[in-house]
Amino acid sequence: MTKTEHGLNSRLDEINMNSTIAQDELVKKAIDGDRNAMQKIVVDNEQMIYSTALKLVGNREDAECVLQETFLKVFEALPNFKGQSALSTWIYRIATNFALMKLRERKKTFSNMDQVESKVSKEALQSFNSAMGNNPHKALENEELKAIMDKAVDELSPKFKSVFVLKDIEGLSLHEITEITGMTLPAVKSNLHRARRFLRDQLAGYTSRNHD
C-alpha cells in the first residue's frame, strides 16, 4: 500500500468514525428529550419514508399513516437502538414493516407468484427483455407503459413488491435490503428476480399486443 493510499484509508476511517460519533450523539440527545435532535431525525428521514411508503402502499392517505406510525415507533424504540446499522437504515426497516402491514390489511387477492408463468410467447419476452434490460422500471418513458407498470407493481405480493421498490425504485443495495426486510441475501435476490420477471411479463404482453 502506498503512502497516498494509506493516507486516504486513514481519512475515510476518520470520516466514518466521526459520522458514527455524530449519530450516537444525536440519538442520545433525542432519547434525553432534546427537541432539536428529534426534529433533525424527522427532517433527515421524513421524505425518504414518505416516498418509499407511497410507492409501497399506493396512496397518500396510507403513506401519511405510515409516516406518522414510523416516527411514533422510532421515538418509542430509540432507547433500544444499538447502532449496529445506520440510523436511517433502522428507520427504513420500521417504515417498510408498517407499509407491508398496510398492504396485508387490505387482504388483496394476489397472483400466485410461486407458480407465476409467462403470459406471452417466449420469443416476445426474450425480445422485450433485450430491449428493456434487467430493470424494466427505469427504462420506461412512455406514460401509458408507466401506468401499466404501476398497476403491475400494485399486483405484486408484499414480499416481492418491497424488494422491487427498495432496489429498483429507491436504489438501495442488496445488503441494505437484507437489513431492512430481515430476508436473507438469497431470498432478496430470488424475490427481486421473480418480481422483475412478473413485471416484464406484463409489459411484454402489452408490447406484443400493440405490435400485432
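## Basis of the model

The model is predicted: local features need pLDDT of at least 70, side-chain atom pairs count only at pLDDT 80 or more, and totals for chains, interfaces and linings use all residues. Residues are numbered from 1 along each chain as its sequence is written, and side-chain values use heavy atoms, with hydrogens and water left out.

## Overall fold

The protein has nine helices and zero strands; helices (H or I, at least four residues) and strands (E, at least two) are DSSP runs, numbered from the N terminus. Of its 212 residues, 39% count as buried. Buried means under 20% relative accessible area, with a 1.4 Å probe and protein chains only.

Among contacts (heavy atoms within 4.5 Å) between residues at least 6 apart in sequence, 71% join residues at least 24 apart.

## Nonpolar core

A nonpolar core is a set of buried Ala, Val, Leu, Ile, Met, Phe, Trp, Tyr and Cys residues joined through side-chain atoms within 4.5 Å. The largest one has 45 residues, and Ile41, Ile49, Leu78, Leu87, Trp90, Ile91 and Leu199 touch the most other members. Elements giving two or more residues to this core include H1 (3–31), H2 (35–57), H4 (87–105), H7 (158–169) and H9 (185–209).

Leaving aside neighbours within four places in sequence, Ile41 is in contact with Leu26, Ala30, Phe71, Phe75, Leu78, Leu87 and Ile91.

## Helix H7 and its partners

Nine of the twelve residues of H7 are buried, among them Phe160, Lys161, Phe164 and Asp168. After H7 comes Gly171, with a positive phi near 75 degrees.

H2 packs on H7 at about 135 degrees, with the axes 10 Å apart. Axes are lines fitted to C-alpha atoms, for helices over the stretch in contact, and angles run from 0 to 180 degrees between N-to-C directions. The pair is therefore oblique, a term for angles that are not under 35 degrees (roughly parallel), over 145 (roughly antiparallel) or 65 to 115 (roughly perpendicular). From H2, Thr52, Lys55, Leu56 and Val57 meet Lys161, Ser162, Val165, Leu166 and Ile169 of H7.

The axes of H4 and H7 come within 10 Å and cross at roughly 140 degrees, so H4 and H7 are also oblique to each other. Here Tyr92, Thr96, Leu100, Leu103 and Arg104 of H4 face Pro158, Lys161, Ser162 and Leu166 of H7 in the contact.

Terms used. Buried means under 20% relative accessible area, exposed over 50%, partly exposed in between (1.4 Å probe, protein chains only).
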